[in-house]
Amino acid sequence: MSSGSAILHTAVLTRRSVRGRLRQPAALTPSFVFPLFFAALGSASFSRIADRPDFAAIAPSFLNYAVAGAIVQGVLFASTSAAGDLATDIEQGFFERLLASPVTRTSILLGRLGSAMVVAVVQVTIFLAIFLAFGARIETGVIGFIGLVVAGALLALAMSGLMSGLAIKSGSPEVVQGAFPMVFALMFLSSAFFPRQYMTGWYQDVATWNPMSHVVEGMQGFMNQPLNVDQFLRAWLIPLGIALAAIAFGLRSLNKRLAAL
Amino acid sequence: MLPGPCRMAPSTFVTERLSRLARPGQEFVECNIVTTSPSAPIVATGLVRHFGSGDSLVRAVDGVDLQVEAGEIFGFLGPNGAGKSTTVRVLTTLLKPSAGSATVAGFDVATQADKVRRAIGVALQDAAIDPLMTGRELLDLQSVLYGIPKSVATKRGPELLERVGLTAAADRRVGTYSGGMRRRLDLALSLVHEPSVLFLDEPTTGLDPMSRLTLWEEVRRLNREGTTVLLTTQYLEEADQLADRIAIIDHGKIVRQGVPRDLKAQVGSPTLFIDVDGEHVDMARGILERFGDLRPTSEGKLGVGLAQGAEAVASVIRTLDEAGVHVRHLELNEPSLDDVFAEATGYRLEGADQ
Ligand SMILES: Nc1ncnc2c1ncn2[C@@H]1O[C@H](COP(=O)(O)OP(=O)(O)OP(=O)(O)O)[C@@H](O)[C@H]1O
Ligand SMILES: [Mg+2]
C-alpha cells in the first residue's frame with residue numbers, strides 16, 4: 001500500500017467524519033455549550049478567588065483563568081464523541097463496508113483522529129473568540145493564540161486516539177461514552193477548574209501528578225503570562241506524547257481486530 | 001485483471017506434473033486440483049469457517065467446494081443460519097478461512113486479499129450505509145477508496161445513480177432512504193470500480209415484489225455486460241428465476257449443486273400434497289406410501305412423490321376415498337427447487353404450497 005493512497009484515504013475519511021460530526025448537532029452541541037456554561041457559572045460563583053491578592057500572579061481575571069479549562073473540557077468532550085462515531089461504524093457495519101474496499105486500514109483510524117483535530121481547531125477558535133468578546137485577553141498575543149489552537153488539536157489527537165482505541169477494542173459506542181466520566185474526574189482532579197496553588201493536602205498531590213494539570217497550566221500560561229518556552233513544553237509536548245502512545249494503542253487495537261476476523 | 005493465459009498457467013502446470021507422475025497404463029485419479037480450473041472467477045476448495053471454540057464451536061461453513069464460472073449468475077440458496085453470509089464474507093476477504101482455500105478473480109482470498117478486493121464488488125447483507133451521508137457523497141468516497149481518477153468518477157457516479165434510479169435522491173441523506181433505495185445504492189456502490197465479480201448477499205430480502213423484480217433486472221443486465229455474479233438468497237423462486245446454477249447450503253454444507261432444471265429433473269416425480277383430518281393421517285400415510293416415497297411437508301400435511309407420475313393422482317384419490325379418508329385439500333406440484341431442497345435436507349425451506 002503506497003503512502004500516497006494512505007494520505008488520500010485518510011483525507012477523505014477525515015472529511016467524511018467531519019461531515020458526520022457536523023450533521024449530528026445533538027452530539028456536537030454539548031461539547032460547545034457545556035464548557036462555556038461552566039465557565040460562566042464559575043465566573044459567577046468562584047470569581048471571589050480572584051479577589052485574593054496572590055491571584056494576580058495566576059491570571060489577570062477569573063475569566064482569563066477559565067479559558068484553558070473550558071477549552072480542555074470542550075476538546076476532550078468532542079473528541080470522545082468523535083471516537084464514539086467510530087464505534088458506531090463498527091457496530092452498524094460501515095466499518096465492514098470499508099474493510100471490503102481496498103482502503104488503507106490505518107486510514108480508518110487516522111481519519112477519525114483527523115476529524116477530531118479539525119473540530120478542535122474550529123472549537124478552540126470559537127471559544128477564544130467568545131472569551132475575547134467577553135473581555136478576556138491573550139497575554140502572549142497571536143503566538144499564544146496559535147499555541148492554544150495547536151494545543152487543542154494535539155489534545156484532540158491524544159483523546160480521540162485513546163477513545164478510538166477503546167472504540168475499536170470494544171466496538172461499542174456505549175463503552176466509549178461510558179469512559180468519559182473517568183476523563184471528567186481526571187479533569188476535576190487537575191487545575192482545569194481551580195488553581196493548583198490554592199489546593200491543599202492529597203488534592204494538591206493528585207493534581208500535581210495529573211498530567212492534565214500541566215497541559216492546562218501550559219495553556220493558561222499562553223493566556224496569562226509572558227511568552228515562555230515552558231508553555232509550549234507543557235501545552236504541546238505532553239498531549240503530543242500521549243497522542244503518540246494513544247495512536248500506538250489505536251493501531252494495535254485495529255490490528256488485533258483485523259487479525260481476529 | 002490478469003490476462004487469461006497467465007491465469008491458465010497453474011492448471012497446465014498441474015496437469016503436466018500429474019501426467020509425469022502417472023506411469024504408463026495408470027489412470028488419472030479424479031482430484032480437486034484437476035477438476036477446479038483456476039481460471040474460474042470463484043473457486044473454493046474445502047472451505048471451512050468456525051466461530052468460537054470448545055462447546056460453543058459453530059461450524060458456520062463446514063467444507064464448501066464451489067466453482068463459479070465466468071459470466072454466470074450463481075445462486076447460493078439456504079435457510080437462515082445456513083452459512084451463506086459467512087461463505088460470502090470469506091470469499092470477499094472479510095473473514096479468514098479456518099481451513100481450506102479459495103481464489104476469487106484468480107487471487108487467493110487469504111494471501112492476496114487486497115488484489116481480491118480491487119477485483120470484486122460487494123454488497124453485504126447487513127453492512128449499514130452511513131445514514132448521515134448522501135448517496136452522492138458515498139459514491140465519491142467509494143471512488144477514492146478504489147483509486148478511481150476523479151475525471152472518471154465524476155462521469156461514472158451520476159451514471160450509476162441514474163442506473164439504479166437514485167438521481168433525484170442523490171443529494172439526500174441515506175438516513176431518509178427507503179429499504180429498497182438503500183439496496184439500490186448499495187448495488188451502485190459495489191459497481192464504482194466496474195468489478196468483474198460481484199457478490200450480493202441477500203440483495204432482495206425485505207424488498208417488495210416490485211423492487212425485487214427491478215433488482216433482478218439490474219442483476220441480469222450486469223450479467224449480460226459480462227459480470228460474474230454470486231448472490232445468496234432464501235427465496236427458491238429467486239434462485240430458480242435468476243441463477244444459471246445454484247448451490248443449496250444447509251448447516252454449512254453444500255447439499256446440492258447444479259443447474260436448477262437438472263436438479264429438478266433429478267427429483268423426477270411430481271409431488272402430491274394432501275391435507276386430511278387428524279384421525280385419518282396414519283391411514284392416509286399408509287396409502288400414499290404405496291404410490292411412491294413420502295416427502296417432507298410443512299406442518300399438518302402429507303406429501304408423496306408419485307412414482308408413476310401425475311396420472312397416478314386419480315388412483316390415489318380413489319384409494320383414499322374407498323378407505324373412507326376425507327381429503328380436505330389436494331395439490332399436485334411439478335418438481336421444484338423446493339423438492340430438491342426437501343430431498344437434500346429432509347425439510348422444506350418455505351411452505352410446501354408455495
Ligand atoms: N461472528 C460470528 N460469531 C459467531 N457465530 C457466527 C458469526 N457469524 C455467523 N455465525 C453463525 O454462523 C452460522 C451461519 O451464519 P450466516 O450468517 O453465515 O448464515 P446465513 O446463511 O447468512 O443466514 P441468514 O439467511 O440469516 O443471513 C449461524 O449459526 C450464525 O449464528
Ligand atoms: Mg446471511
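A residue is called buried here under 20% relative accessible area, exposed over 50%, and partly exposed in between, with a 1.4 Å probe and protein chains only as cover. The structure is a predicted model, in which local features need pLDDT of at least 70, side-chain atom pairs count only at pLDDT 80 or more, and totals for chains, interfaces and linings use all residues. Residues are numbered from 1 along each chain as its sequence is written, chains are lettered from A and ligands numbered from 1 in the order in which they are written, and side-chain values use heavy atoms, with hydrogens and water left out.

The magnesium ion (ligand 2) is coordinated by OG of B:Ser85 and OE1 of B:Gln125, at 1.9 to 2.0 Å. B:Ser85 belongs to helix α3 (residues 84-91) of chain B, while B:Gln125 sits in the loop between β6 (120-123) and α5 (135-145) of chain B, so the pair ties together parts that are 40 residues apart in sequence. Helices (H or I, at least four residues) and strands (E, at least two) are DSSP runs, numbered from the N terminus. Donors are N, O and S atoms within 2.8 Å of the metal (3.2 Å for Na, K and Ca), and because water is not among the atoms, sites may look incomplete. With a relative accessible area of 14%, B:Ser85 is buried, whereas B:Gln125, at 27%, is partly exposed.

Strand pairing comes next; two strands pair if DSSP finds at least two bridges between them. Strands β1 (residues 42-51) and β2 (residues 58-68) of chain B run antiparallel and are joined by eight bridges. Within this pairing, B:Leu47 has B:Val64 in β2(B) as its bridge partner. The two strands form a hairpin with six residues between them, and B:Gly52 in the turn has a positive phi of about 70°.

Further along chain B, an open sheet of three strands has the order β12-β11-β13, with antiparallel pairing. Its edge strands are β12 (302-305) and β13 (327-333) of chain B, each of which pairs on one side only. Neighbouring strands of this sheet are turned by 20° against each other on average, direction ignored; axes are lines fitted to C-alpha atoms, for helices over the stretch in contact, and angles run from 0 to 180 degrees between N-to-C directions. Six bridges join β11 (residues 271-276) of chain B to β13(B), and B:Thr271 is partnered there by B:Asn333.

Several loop residues of chain B also deserve a look. Most residues other than glycine have a negative phi. B:Glu202, which is not a glycine, has a positive phi of about 45°; this residue lies in the loop between β7 (197-201) and α8 (209-224) of chain B and is buried, at 3% relative accessibility. B:His251 likewise has a positive phi, near 50°, in the loop between β9 (245-250) and β10 (253-258) of chain B, but B:His251 is exposed at 59% relative accessibility. B:Ala105, in the loop between β4 (99-104) and β5 (107-108) of chain B, is buried at 2%. The C-alpha atoms of B:Ala105 and B:Ala119 are separated by 6.5 Å, although these residues are 14 apart along the chain.

In chain A, A:Phe37 lies in helix α2 (residues 25-45) and is partly exposed, with 46% relative accessibility.
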